[in-house]
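Here is a brief report on one protein chain. Please read it alongside the sequence and the coordinates.

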Amino acid sequence: LLSGAADRVSVLSGLPPWAALPSVITAVSLIVAVVGMYWDISIHIADGRDAGPFANPAHFLILFGLFGVFVAGFCAVVLPEGKPSPSAIRISGEWYAPLGGIGLLAASAFALLGFPLDDFWHRIFGQDVTLWGPTHLMMIGGAALGFIGQATLLGEAKLAERAPDTSTPTRA
């Protein structure tokens with residue numbers, strides 16, 4: 001099912017399937033997360049601190065968007081067959097993961113870790129005076145690093161088109 005969806009998006013985008021589907025997922029997810037972030041900021045300006053991590057509906061959009069970036073990284077790691085690009089990282093045996101996929105996974109995991117830590121932080125220290133608390137920076141920074149992971153994935157896709165690795169089979 002996942003492979004079929006990746007193949008369809010690949011035809012439309014001209015990218016390899018292991019980069020095409022994660023690129024669409026990342027784009028939609030980051031848009032959802034930024035809409036949630038702006039909505040969350042406006043709620044906090046108007047109402048102050050909320051009761052917990054899921055007391056505010058905007059938090060669900062942020063969480064959904066960050067989890068979507070994680071899903072995109074996961075797809076980029078599991079979709080390739082063989083070595084997708086010269087810069088791919090060997091996971092085990094003949095399983096290689098694109099560097100950009102690993103970047104998306106790491107960036108989103110870092111951002112998602114900020115959610116429970118943010119609740120812990122606020123329970124200990126109270127409401128932040130500004131947006132720039134350490135756990136908020138984890139979430140914002142992780143989402144921003146998702147752009148770097150996505151750019152790396154697209155760069156790998158272009159590199160794979162120019163210089164395909166013929167030592168291991170790649171997905172057509």
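## Contacts of L21

Beyond its neighbours within four places in sequence, L21 is in contact with L2, A5, A6, V9 and L79. Contact means heavy atoms within 4.5 Å.

This is a predicted model, where local features need pLDDT of at least 70, side-chain atom pairs count only at pLDDT 80 or more, and totals for chains, interfaces and linings use all residues. Residues are numbered from 1 along each chain as its sequence is written, and side-chain values use heavy atoms, with hydrogens and water left out.

## Nonpolar core

The largest nonpolar core has 25 residues; W18, L21, L66, L79 and L153 touch the most other members. Helix 1 (2-13), helix 2 (17-47), helix 3, helix 4 (99-125) and helix 5 (134-162) each give two or more residues to this core. A nonpolar core is a set of buried Ala, Val, Leu, Ile, Met, Phe, Trp, Tyr and Cys residues joined through side-chain atoms within 4.5 Å. Buried means under 20% relative accessible area, exposed over 50%, and partly exposed in between (1.4 Å probe, protein chains only).

In soluble globular proteins, nonpolar side chains tend to be buried together.

## S10 in helix 1

S10 lies in helix 1. S10 is buried, because its relative accessible area is 14%. Leaving aside neighbours within four places in sequence, S10 is in contact with L15, P16, P17 and A20.

## Nonpolar surface patch

L2, F74, V78, I89, I91, W95 and L99 make a nonpolar surface patch of about 560 Å². Helix 3 (57-78) and strand 1 (89-92) are the elements that give two or more residues to the patch. Patches are made of residues with over 30% relative accessible area and no salt bridge; nonpolar side chains (Val, Leu, Ile, Met, Phe, Trp, Tyr) are joined within 5 Å, like charges within 9 Å. A salt bridge is a side-chain nitrogen of Lys or Arg within 4 Å of a carboxyl oxygen of Asp or Glu.

V78 lies in helix 3. V78 is partly exposed, with a relative accessible area of 36%.

## Whole chain

The chain has five helices and two strands. Along the sequence the pattern is α-α-α-β-β-α-α. Helices (H or I, at least four residues) and strands (E, at least two) are DSSP runs, numbered from the N terminus. The C-alpha atoms fill a box of roughly 55 × 30 × 25 Å along the principal axes.

Of the 172 residues, 44% count as buried. The chain exposes about 9,000 Å², and carbon and sulfur atoms supply 73% of that area. Accessible areas come from the Shrake-Rupley method with a 1.4 Å probe; for residues, only the protein chains shown count as cover.
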